[in-house]
Amino acid sequence: LVEGSIQGIAVHRDWRILFANDAYARILGHDDAEAVTGIDIRDFESPAERARLEHYAENRRRGRPVPDRYEMTAIRRDGRQVALDCAVRAIDWEGDPAIQVVVSDITAEMDARIQLSDAIESLADGVVIFDSDDRLVVCNEHYRETNELISNLLVPGTPFVELARAAADSGLLTNVRGREDAWLRERLDLH
């Protein structure tokens with residue numbers, strides 16, 4: 001199951017890789033798991049990531065809360081960067097504590113995000129995109145400037161209804177003063 005996984009899986013203790021599957025090795029530019037076993041896992045970290053990841057590790061060691069899932073940039077054997085989605089947890093490995101890491105290569109997804117962001121930013125008009133759950137995905141700087149009074153809410157995941165309510169309540173929409181609730185119902189019906 002682990003050996004056939006398309007996700008990279010590794011176990012390390014004191015930063016040394018004790019186990020890795022072939023997918024983990026290939027994501028990092030190696031031929032097979034043997035090539036990465038015994039290597040210091042920090043050798044794959046982008047220098048820009050090191051402080052954050054060591055902070056997570058120290059807090060995890062002390063039993064403090066840390067993210068169990070995050071994105072990071074790693075360095076492949078050939079020196080190219082690879083964007084990873086990481087799921088990390090403390091485990092017992094052969095009777096001693098260790099860390100299990102499950103990674104997926106999200107480089108193509110990250111490149112697509114950057115291209116989408118660049119395209120949206122290049123537009124002269126304000127642009128905002130919501131997902132199928134009506135949560136904000138992305139907006140451009142022109143949209144932020146136009147909606148300056150609610151710009152603190154213009155972050156991914158904010159529900160459309162929350163943005164519309166804040167816009168109505170903020171005075172940003174001068175034509176709805178005194179009828180904010182009615183406007184919000186009308187706006188939600190149109191959306």
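Glu186 is partly exposed, with a relative accessible area of 42% (buried means under 20%, exposed over 50% and partly exposed in between, with a 1.4 Å probe and protein chains only). Glu186 forms a salt bridge with Arg179, and their closest N and O atoms are 3.5 Å apart; a salt bridge here is a side-chain nitrogen of Lys or Arg within 4 Å of a carboxyl oxygen of Asp or Glu. Arg179 is partly exposed as well, at 35%. Salt bridges with shared partners also join Asp40, Arg42 and Glu54 into one network. The model is predicted: local features need pLDDT of at least 70 and side-chain atom pairs count only at pLDDT 80 or more, while totals for chains, interfaces and linings use all residues. Residues are numbered from 1 along each chain as its sequence is written, and side-chain values use heavy atoms, with hydrogens and water left out.

By the salt-bridge rule the count comes to 14. One of the pairs is Asp181 with Arg165, with 2.7 Å between the closest N and O atoms. Asp181 lies in helix α6 (residues 180-190) and Arg165 in helix α5 (residues 160-170), so this pair ties together parts that are 16 residues apart in sequence. Helices (H or I, at least four residues) and strands (E, at least two) are DSSP runs, numbered from the N terminus. Asp181 is partly exposed at 45% relative accessible area, and Arg165 is partly exposed at 28%.

Strand β3 (residues 69-75) has a covered face of Tyr70, Met72 and Ala74, and an uncovered face of Arg69, Glu71, Thr73 and Ile75. In a regular strand, side chains alternate between the two faces of the sheet. Seven bridges join β3 to the antiparallel strand β4 (residues 81-93), where two strands pair if DSSP finds at least two bridges between them. Met72 has Leu84 of β4 as its bridge partner. Five residues lie between the strands of this hairpin, in which Gly79 takes a positive phi near 95 degrees. Asp78 forms a salt bridge with Arg80, the closest N and O atoms being 2.9 Å apart; Asp78 is partly exposed at 48%.

Asp118, Glu121, Glu141, Glu145 and Glu148 form a negative surface patch. The elements giving two or more residues to the negative patch are α3 (107-121) and α4 (141-146). Patch residues have over 30% relative accessible area and no salt bridge, with like charges joined within 9 Å. Glu121, in helix α3, is partly exposed at 39% relative accessibility.

Key. Patches are made of residues with over 30% relative accessible area and no salt bridge: like charges are joined within 9 Å, nonpolar side chains (Val, Leu, Ile, Met, Phe, Trp, Tyr) within 5 Å. Accessible areas come from the Shrake-Rupley method with a 1.4 Å probe; for residues, only the protein chains shown count as cover. Lys and Arg count as positive and Asp and Glu as negative; His and the chain ends are not counted. The place of a charge is taken as NZ of Lys, CZ of Arg, CG of Asp or CD of Glu.
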